[in-house]
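Reader: I'm new to reading protein models. Could you walk me through this one, feature by feature?

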Amino acid sequence: MLFFVARRLLYLVPVLIAVSVLTFVIASLLPGDLAYVILGDQATPENIAALRHDMGLDQPIWLRYLGWLWHILQGDFGRSFRTGQTVLQAVSERIPVSFELMILAELIGLAIGVPLAIACAAKAGSAFDRFMTGSAFGMLSVPTFLSAILLIYLFAVELRLLPATGYVPFTEDPVANLRFMVLPALTLGLAEWPGIMRVLRSDMIAALQEDYIALAKAKGLKPSRILFVHALKPSSLTLVTITGINIGRLIGGAVIVESIFALPGIGRLLVGAIYTRDLIILQGVVLLVAAGFVIMNFIVDMLYALLDPRIRHGHA
Amino acid sequence: MATLELSLEEEGTTPVRRRQLGMLFWIAAGWMVLVFAVAIFADLLPLPSPTDMDMLERRAPISAEHWLGTDGLGRDELSRLIYGARISLIVGLCAPMIGVTIGGALGMLAGYFRGRFESFVVGSMDVLLAFPPLILALAVTAYLGQSIFNLTCILGVLGIPAFMRVSRAATLSLARREFVIAAQALGATHARILLRELLPNVMLPLLAFFLLGVAVTIVVEGSLSFLGLGVPPPISSWGSMIGEGRESLDVAPMLAFIPAIAMFLTVLAFNLIGDTMRALTDPRQGAL
Amino acid sequence: MSGALLSVENVMVDLPTPRGNLRAVDHVDLAVGAGRTLGIVGESGCGKTMLSRAILQLLPKKAKLSGRVMFDGQDLTGLSAEKLRKLRGRSLAVVFQDPMTSLNPVLTIGTQLIETIQEHLELDLAQARQRSIELLAAVGIPAPEQRLAQYPHQLSGGMRQRVAIAVALSCEPQLLIADEPTTALDVTIQAQILDLLAREQQRRHMAMIIITHDLGVVAGRTDEVAVMYAGRVVERAPTPALFKRMRMPYTEALLAALPKLDVAPHTPLPAISGRPPDPTRPLKGCSFSPRCRYSAGRCTTEKPQLSPAETQEHVYACFHPIAAGAGA
């Protein structure tokens with residue numbers, strides 16, 4: 001087990017380095033460069049040359065990369081030349097919003113997906129099962145921004161039950177915070193449940209064919225115990241994997257949802273930085289999100305190993 | 001939201017369900033033919049220009065002149081819808097084409113030659129997968145500038161890892177089969193084995209996956225355009241139409257819903273056809 | 001057959017397949033008295049496992065069962081799901097072939113034992129735990145207390161089968177069905193497991209059905225043997241009588257296919273030539289006739305019925321039974 005963790009950790013290092021290189025190279029692709037963006041159209045070539053020199057932009061790219069990496073390793077991700085905020089400040093202010101959104105969304109997705117998967121697996125092939133699998137398939141074809149618009153139209157425009165945009169921190173007013181969060185989280189959750197349901201359902205159907213289910217029946221166990229303990233527990237490992245795979249989708253979805261519902265999260269920070277061409281923020285956020293994503297995936301892998309007794313005891 | 005991670009697709013398709021998909025399959029194919037036809041022949045259709053504004057006829061209702069009314073700037077909705085289909089299909093087809101070509105080739109080479117090359121390819125793909133796809137697409141468009149060409153390239157590159165996995169998995173399972181070993185024993189060159197023996201067999205799962213990739217690309221293009229970061233205005237795209245329609249959701253919800261329905265049906269059609277083909281061609285379930 | 005604990009009466013199992021109807025079990029009559037043991041022997045695909053599932057009422061959903069399965073005075077085929085559930089694990093227990101797949105990989109051995117005990121017996125957790133430890137000790141598992149917290153993959157195959165037997169014995173069943181209990185195990189372990197089953201059967205005075213493809217398994221460990229071929233019982237006899245003088249050529253062929261310790265090494269092992277008939281295309285005559293060296297005359301046109309030999313207990317279905325002294 002320890003060896004397994006160590007090997008995975010060691011693999012993280014080259015991936016993270018490659019991620020930083022890629023981020024840096026993409027940022028350097030900009031036609032014209034940072035100095036041009038900062039000084040604007042009116043800048044004289046001399047001014048630009050001077051600023052380029054001040055910022056070290058006239059150095060070769062690998063030297064600039066190493067300098068950038070050196071600062072990052074010291075915790076300095078740079079500072080927005082528009083707001084003066086550091087990248088870390090901006091990100092840490094907004095991360096709770098995105099986390100709350102993603103966790104609520106995943107909970108909604110699980111709350112819809114898991115019971116449906118169990119019900120469908122228990123009655124595999126029935127009319128209910130076919131209807132739900134069909135619906136899940138249909139839902140997979142609904143882009144997040146479509147369900148967002150439908151929900152806004154239904155709950156904010158027609159029924160006037162919930163606010164369409166806005167945000168209050170949870171610490172200030174939990175009820176208002178949740179009212180603002182319901183629609184965004186529901187939007188993302190609606191995109192999550194079909195994947196959860198489809199995978200868990202087919203996994204449980206496979207589990208229900210196993211010999212140990214036949215033995216559980218032959219032991220005279222209650223059908224509910226067979227379904228929820230003997231079939232669901234082996235399949236629940238899949239849930240961890242799905243959750244891991246969903247993180248990437250959730251982050252992408254959060255960008256869209258935060259923009260639509262005007263939530264001050266990481267996604268909106270990123271989109272805002274693109275609109276205002278705030279390249280330092282953009283570069284820093286992309287790097288942090290990618291690094292965070294890699295580390296989250298690592299944690300999910302470890303969690304999976306921890307939960308599966310076969311891997312936990314070194315039979316991986 | 002669907003992204004470029006399609007590896008989760010797997011389903012115990014029972015014979016009963018497959019037969020039912022049969023009817024849906026033909027409806028989906030019919031819709032796809034319709035969308036393709038209007039997109040290809042848009043210039044020949046008697047349509048008003050999709051970019052001509054008419055400030056006197058903003059948000060006009062459905063009429064003989066404007067079959068689906070006009071948008072917030074008085075542009076003909078039907079015309080924008082049809083030209084939008086063009087964008088969705090161009091980006092939706094070209095981007096996975098890049099993915100299927102590069103990813104498919106890399107996957108076959110990795111699966112056939114194994115060794116260091118395989119480790120390198122798989123490792124590089126892990127790096128590409130380390131970025132949440134939409135974030136990478138956003139960042140790159142922000143730096144390179146918005147254009148259909150840039151958008152297509154980025155979405156294409158983002159699709160490479162998924163296609164690589166499909167083609168590598170298929171190659172791995174095929175490379176040990178008798179017909180490949182027989183060809184090797186007969187002294188066939190690597191190029192000949194790859195092109196004549198393996199490619200025809202890897203092609204089918206890749207094609208099925210290609211259709212699913214089209215659906216995903218249309219969604220991602222739509223998302224970017226919806227945020228105003230995809231196709232540059234004034235070109236009409238379903239995503240940007242929905243984004244513009246969102247502003248007038250309270251007065252003219254149809255402006256958002258019409259392109260939304262068109263997009264949903266098209267994505268669903270590609271998903272349905274792709275999924276049916278995958279169920280028919282996938283040699284091993286869960287081989288991805 | 002009156003007074004038997006279990007009697008299988010005219011049981012047929014039909015399975016719909018894409019290639020047509022498959023009659024997996026064909027007009028089978030069997031009986032086991034309380035405390036007695038019955039061996040069911042046959043090649044794979046002869047319907048012996050389907051028969052055991054039919055007794056347990058655990059057939060696949062689309063399978064059709066006809067006939068009666070009388071257990072302790074009631075017909076199992078007519079029982080409600082709830083009544084069956086109360087019976088299974090309590091009075092009617094089973095040990096499956098492969099202990100690698102029949103124990104749940106993500107539940108501890110303790111959980112799998114205790115859940116069975118608590119389902120059927122009025123015991124609290126501590127008592128059920130104590131009983132589990134005693135059961136594991138009884139089936140010969142060392143350090144039983146530590147085993148409760150372990151998972152199946154932490155045990156060897158033989159140990160796992162012992163656990164499966166402990167689970168089956170946990171509620172003192174009246175009948176234990178052991179479906180190929182040793183097939184998936186190492187040869188060296190097989191005898192140990194069979195001896196364990198025999199010992200526990202005698203100690204607990206329960207009836208037992210051993211299902212196997214190996215005539216050697218039932219010899220000396222059963223009171224009666226039924227040989228099955230293509231879904232039918234083709235010979236049934238008290239074990240000593242059968243081994244003394246078998247009538248059915250198929251039984252003889254099965255016995256000849258057993259590896260023997262007293263022949264020289266590298267002697268070719270006689271195998272039964274050919275394959276069992278396609279069960280979706282039943283033959284008009286005796287199902288064994290295409291592979292039978294005695295086959296002649298009406299063997300291919302008429303189905304032989306079970307008829308008694310010297311005693312009523314020994315029955316066989318053959319037109320050309322092996323003559324006295326000609327058998328093995």
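Reader: What covers the buried residues of helix 8 of chain C?

Author: Happy to start there! This is a predicted model, in which local features need pLDDT of at least 70, side-chain atom pairs count only at pLDDT 80 or more, and totals for chains, interfaces and linings use all residues. Residues are numbered from 1 along each chain as its sequence is written, while chains are lettered from A and ligands numbered from 1 in the order in which they are written. Helices (H or I, at least four residues) and strands (E, at least two) are DSSP runs, numbered from the N terminus. A residue is buried if 20 or more other C-beta atoms lie within 10 Å of its own, exposed if 12 or fewer, and partly exposed in between, with C-beta atoms placed from the backbone. Two residues are in contact if those C-beta atoms lie within 7 Å. In this case, the cover over helix 8 of chain C includes strand 3 (37-41), helix 7, strand 7, strand 8 (207-212) and helix 9 (215-218) of chain C.

Reader: Which residues of helix 8 of chain C are buried?

Author: They are C:Ile193, C:Leu194, C:Leu197 and C:Gln201. Seen down the helix axis, the buried residues of helix 8 of chain C fall within an arc of 100° (taken from the directions from the axis to the C-beta atoms), so they line one face of the helix. The face turned away from that buried side carries the exposed residues C:Thr188, C:Asp195, C:Gln202 and C:Arg203.

Reader: How many residues does helix 8 of chain C have, and what length does it reach?

Author: The expected span of a helix is 1.5 Å times one less than its number of residues. Helix 8 of chain C (187-204) has 18 residues and reaches 26 Å from its first C-alpha to its last, close to the expected 26 Å. Just after this helix, C:His205 takes a positive phi of about 50°.

Reader: What is the strand order of the open sheet in chain C?

Author: Strands of a sheet pair through backbone hydrogen bonds, either parallel or antiparallel. Here, two strands pair if DSSP finds at least two bridges between them. Chain C has an open sheet of eight strands in the order 6-7-8-3-9-10-12-11, with mixed pairing. Its edge strands, each pairing on one side only, are strand 6 (92-95) and strand 11 (307-308) of chain C. Strand 11 of chain C runs antiparallel to strand 12 (315-316) of chain C, and two bridges join them.

Reader: How many residues of chain A are in contact with chain B?

Author: On this interface, 46 residues of chain A are in contact with 44 residues of chain B. Helix 10 of chain A gives the largest share of the chain A side, nine residues. That side divides into 33 nonpolar, ten polar and three charged residues. For these classes, Ala, Val, Leu, Ile, Met, Phe, Trp, Tyr, Cys and Pro count as nonpolar, Asp, Glu, Lys and Arg as charged, and the others, Gly among them, as polar.

Reader: How many residues does the contact take from chain A and from chain C?

Author: It takes 17 residues from chain A and 26 residues from chain C. On the chain A side, the largest share, six residues, comes from helix 9 of chain A. By class, that side has seven nonpolar, four polar and six charged residues.
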